[in-house]
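Colleague: I'd like to learn how to read side-chain features in a model like this one. Could you walk me through a few of them?

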Amino acid sequence: MTGRIVFLLKGYPRLSETFIAQEILALEQRGIPIEIWSLRHPTDKYRHPVHDEIKARVTYLPEYLYQEPLRVFRAVARCVARPGFGRALRQWVKDLIRDPTPNRGRRFGQACVLLAEMPGDVVRLHAHFLHTPASVAYYAHLISGTPWSCSAHAKDIWTSPDWDKREKLSRLDWLVTCTASGHTHLQTLTPAPQKVALVYHGLDFTRFPEPPQRVPVVGAPVEILSVGRLVEKKGYPILLEALAALKDKTWRLTHIGGGPLDAALKAQAASLGIDDRISWLGALPQERVLAAYRAADLFVLAAQIAADGDRDGLPNVLMEAQSQRLCCIATDISGIPELIRDGETGLLVPPENAQALALAIAALIDDPARRQALAEAGFKRLRGHFAMEAGINDLARRFRADLAQP
């Protein structure tokens, strides 16, 4: 194989995007040469162990163009002579008129920097997320003609305008997405629906130990765990309302993850009189998250659709919890029902319904045998249907087709 693949990411490394790191590492292990180009520098305090195993070179594009004006100027000067520069500039101006935001404004400059600085043997640009990273890949493709493709996930699908998605779909070679709902939606936006494939991330089970044996202790609090960013789409106000309705039950909640709603949620917990039962641990590296899965009795994720349309796809945290034979309660939105079968491999409730969530949590607090049965069924289905290998093999096949070209 000759050449290499550029992966365009919004930020790298990110604690909340272990599925991308897992994918990059697995592709490297299959011999796919990858370079990572990131639109942003990392902001997380920790790294996951998988990030230290990845060998790909990482280059950071100018996050804000005014911070590196000479770098941007030199890049644009080098790109002006390319045959596709005028075409790309016209497309960018057209997009900027429809989306007059600083976010859109900086993508053209980043595309020029990418093209001016990336190695000459790059055979494909692959963007993770259909919004900003895909915009950089799209403009770079228009300038240079370099083939491009995309992995679409959740927020990028549901908060991007349809015109933007249609135009990108018309110019990319192929796109993979990780939920049936996202797959169906994107197929409706292109006259070539065969371009859009459903490819689950799955889990690399070699990175997870054998699940522990959970033996309920009579009278001990049921340890509830939730892992997720403190943002609207995760539904944490609903979870707190549900738990407040269960003050007569013996439970404790551990939350892992950071986010802008941190102070508001802690204030809500205090006003509900349950703050003394909650441990807010913030963002943690994978090994400590794994330890929390293994120590918990029940995992809860109250995901919902945010006001701007943002929503989860198929949250990796649910698969990670099930990998440790941990019973899950979640909401029946997006790709979650593709993983959890209500009453069979976990419990599903409607989003934004604190009463329904409280009833589901109470039922499993009171019935450890049912928790164990649901956890076992979830573990078996996960291992049978959501292994990483199928998706990675699909991607490796696609990238090898580029690398095999003379």
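Colleague: Let's begin with charges: how many salt bridges does the structure hold?

Modeller: First, a word on the source: this is a predicted model, where local features need pLDDT of at least 70, side-chain atom pairs count only at pLDDT 80 or more, and totals for chains, interfaces and linings use all residues. Residues are numbered from 1 along each chain as its sequence is written, and side-chain values use heavy atoms, with hydrogens and water left out. Now the idea: side chains of opposite charge can pair when their charged atoms come close. The rule here is a side-chain nitrogen of Lys or Arg within 4 Å of a carboxyl oxygen of Asp or Glu. The structure holds 27 such salt bridges.

Colleague: Which parts of the chain does the R124 and D173 pair link?

Modeller: In that salt bridge the closest N and O atoms are 2.8 Å apart. The pair links distant parts of the chain, 49 residues apart: R124 is in strand 4 (residues 122-128), while D173 is in the loop between helix 8 (162-171) and strand 6 (175-177). Helices (H or I, at least four residues) and strands (E, at least two) are DSSP runs, numbered from the N terminus.

Colleague: Is R124 buried or exposed?

Modeller: Buried means under 20% relative accessible area, exposed over 50%, and partly exposed in between, using a 1.4 Å probe and protein chains only. R124 is buried at 4%, whereas D173 is partly exposed at 37%.

Colleague: What separates E376 and K380 along their helix?

Modeller: About one helical turn, because they are four residues apart in helix 16 (residues 368-385). E376 is partly exposed at 26%, and K380 counts as exposed at 54%.

Colleague: Which residues are linked in a network of salt bridges?

Modeller: K94, D95, R98, D99, R104, D164, E167 and K168. Take R104 and D95, whose side chains meet at 3.8 Å, N to O. Both R104 and D95 are buried.

Colleague: On to rings. How many aromatic pairs are there?

Modeller: A pair of aromatic rings is described by the distance of the centres and the angle of the planes. Rings of Phe, Tyr and Trp (its six-membered ring) pair if their centres lie within 6.5 Å; planes under 30 degrees apart count as stacked, over 60 as edge-to-face and the rest as tilted. By this rule the count comes to ten. In one of them, the rings of F7 and F399 have centres 5.7 Å apart and planes at 55°, so the pair is tilted. F7 lies in strand 1 (residues 4-9) and F399 in helix 17 (residues 389-403), so this pair ties together parts that are 392 residues apart in sequence. F7 is buried at 0%, and F399 also counts as buried at 0%.

Colleague: Which rings are linked into a cluster?

Modeller: Ring pairs link F85, W92, F108, Y138, Y139 and W148.

Colleague: And where does R311 lie?

Modeller: Over the face of W158, at 4.1 Å from the ring centre. The rule for a charge over a ring is NZ of Lys or CZ of Arg within 6 Å of the ring centre and within 35 degrees of the ring normal. The charged end of R398 likewise sits over the ring of W174, 4.8 Å from its centre.
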